[in-house]
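Me: I would like to learn how to read a structure one feature at a time. Please give the general idea each time, then the case at hand.

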Amino acid sequence: MTYTQKDLISTQNLTKEDIFSFLNLADKFKNLNKQPNKKDNLLVGKTVINVFFENSTRTRTSFEIAAKRLGADAINFVGSNSSTKKGETLIDTIKNLEAMRSDIFVVRHDCSGVAKFIAENTDVCVVNAGDGLNEHPSQALLDLYTIREQRGNLDNLTVAIIGDVFHSRVARSNIWAMQTLGIKLKIFAPPIMMPQGMEALGCQICKSMEEAIERSDVLIMLRIQLERQDGSAKFPSIREYSKYFGLTKKKMQHAKDGLMILHPGPINRGVEVDSNVADDKRFSHILNQVENGVAIRMAILSTLDQNRYKGK
């Protein structure tokens with residue numbers, strides 16, 4: 001069984017079968033990406049537009065590479081250089097891009113719900129590449145893929161999510177997807193960065209970094225989302241944040257063998273993660289995440305395009 005929807009907006013409604021359909025297809029594309037000729041013709045003649053109203057390095061570039069490796073024409077639309085700055089509405093922008101016979105929109109926006117809104121108002125496939133404080137489903141899928149690749153399966157896992165959980169769309173998508181797979185979740189964050197209701201979602205709330213690390217199989221370290229906090233940090237200082245919530249070599253003494261460290265990037269070195277931990281290949285799988293992001297996004301683009309034309 002494979003994912004059957006034309007859009008990927010959230011992990012909240014993904015079934016276990018949906019998740020594994022993306023992960024299993026990504027295996028094929030991961031192997032292709034290791035070849036001298038990294039091309040497939042699945043999307044030849046199709047047009048993929050990265051509709052980004054926020055800055056991005058990894059997500060936008062990996063979606064562009066994914067589209068091109070599948071044979072599609074990939075276009076980068078930058079909101080700051082568009083007619084939205086002249087007063088054009090979002091929906092008019094989308095309708096104009098749709099009129100150019102586009103096939104897939106990869107959307108990033110600073111407002112929660114925009115990807116869903118666009119999907120409801122276009123026949124083009126829509127991928128949510130991050131909407132406000134809401135979700136980032138492709139990041140959660142590539143995180144799961146990276147964990148499975150290293151461990152061989154996703155059974156009996158304990159994952160700790162540490163840092164600015166409140167402002168993190170990565171955390172939300174991971175929580176929904178991991179709960180669907182029966183993964184045990186631990187959360188550690190400053191009180192002002194801890195969303196309400198985490199216990200009701202079945203998450204263990206940790207009181208210290210040591211508690212979060214102990215007996216965990218994976219740590220997902222989150223960046224402080226200063227751009228979503230009205231320009232002011234809601235904690236006394238970066239130095240104090242690093243002291244209590246940063247991952248250091250000393251704190252890693254509490255880690256079990258085989259612990260994996262993930263981070264969605266960009267890393268604030270010396271804040272969330274010290275360099276001697278982020279660069280330690282025994283634990284850090286941060287660059288593996290980046291590599292796997294291309295394969296997962298190839299799986300997403302090819303699946304959605306197939307779904308759009310199925311039965312036509």
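Me: In which loop is the place of Arg 101?
Reply: A note before the answer: this is a predicted model. To place a residue, look for the elements on either side of it. Arg 101 sits in the loop between helix 3 (90-99) and strand 3 (104-109).

Me: Is Arg 101 buried or exposed?
Reply: Relative accessible area settles this, and over 50% counts as exposed. Arg 101 has a relative accessible area of 71%, so Arg 101 is exposed. Its backbone deserves a look too: phi of Arg 101 is near 65°, a positive value in a residue other than glycine.

Me: Where is Arg 215 found, and what is its phi near?
Reply: Arg 215 is in the loop between helix 7 (209-213) and strand 8 (218-221). Its phi is near 65°, again a positive value in a residue other than glycine. With a relative accessible area of 65%, Arg 215 is exposed.

Me: Which residues does a cis peptide bond join?
Reply: The angle to read is omega. Gly 265 and Pro 266 are joined by a cis peptide bond, with omega about -5°. Pro 266 belongs to the loop between strand 9 (260-262) and helix 9.

Me: How many residues of domain 1 are in contact with domain 2?
Reply: Contacts can be counted from each side. Here 28 residues of domain 1 are in contact with 26 residues of domain 2. Area gives another view: the two domains bury about 2300 Å² between them, with 57% of it on carbon and sulfur atoms. In domain 1, the residues that lose the most area to domain 2 are Ile 19, Leu 133 and Glu 135, together 27% of what that side buries.

Me: Where is the place of Leu 144, and which residues is it in contact with beyond its neighbours within four places in sequence?
Reply: Start with the element, then the accessibility, then the contacts. Leu 144 is part of helix 5 (residues 137-151). A residue under 20% relative accessible area counts as buried. Leu 144 has 0%, so Leu 144 is buried. Leaving aside neighbours within four places in sequence, its contacts are Ile 19, Leu 23, Leu 154, Ala 177, Met 178, Leu 181 and Ile 183.

Me: Where does His 285 lie, and is it buried or exposed?
Reply: His 285 lies in the loop between helix 9 (275-278) and helix 10 (286-309). At 6% relative accessibility, His 285 counts as buried. Apart from neighbours within four places in sequence, His 285 is in contact with Thr 146, Gln 150, Met 260, Ile 261 and Leu 262.

Me: How many aromatic pairs does a search of the whole structure find?
Reply: A pair of aromatic rings is described by the distance of the centres and the angle of the planes. The search finds four aromatic pairs. Phe 188, Tyr 241 and Phe 245 form one aromatic cluster.

Me: Which residues does the UniProt annotation "binding site" cover?
Reply: An annotation comes from a record, here an unreviewed UniProt entry, which lists Lys 86, Arg 169 and Arg 223 under "binding site". Take Arg 169, which lies in helix 6 (residues 169-180). Arg 169 is buried, with a relative accessible area of 7%. The side chains of Arg 169 and Glu 54 are joined by a polar contact of 2.9 Å.

Methods. Residues are numbered from 1 along each chain as its sequence is written. This is a predicted model: local features need pLDDT of at least 70, side-chain atom pairs count only at pLDDT 80 or more; totals for chains, interfaces and linings use all residues. Side-chain values use heavy atoms; hydrogens and water are left out. UniProt positions are given in the numbering used here, feature names are shortened, and annotations may be inferred rather than shown by experiment. Helices (H or I, at least four residues) and strands (E, at least two) are DSSP runs, numbered from the N terminus. Buried means under 20% relative accessible area, exposed over 50%, partly exposed in between (1.4 Å probe, protein chains only). A polar contact is a pair of N or O atoms within 3.5 Å; within protein, one must be able to donate a hydrogen and the other to accept it, and residues adjacent in sequence count only if both atoms are side-chain atoms. Contact means heavy atoms within 4.5 Å. Rings of Phe, Tyr and Trp (its six-membered ring) pair if their centres lie within 6.5 Å; planes under 30 degrees apart count as stacked, over 60 as edge-to-face and the rest as tilted. Buried area is the accessible area (1.4 Å probe) that two parts lose on being put together, summed over both.
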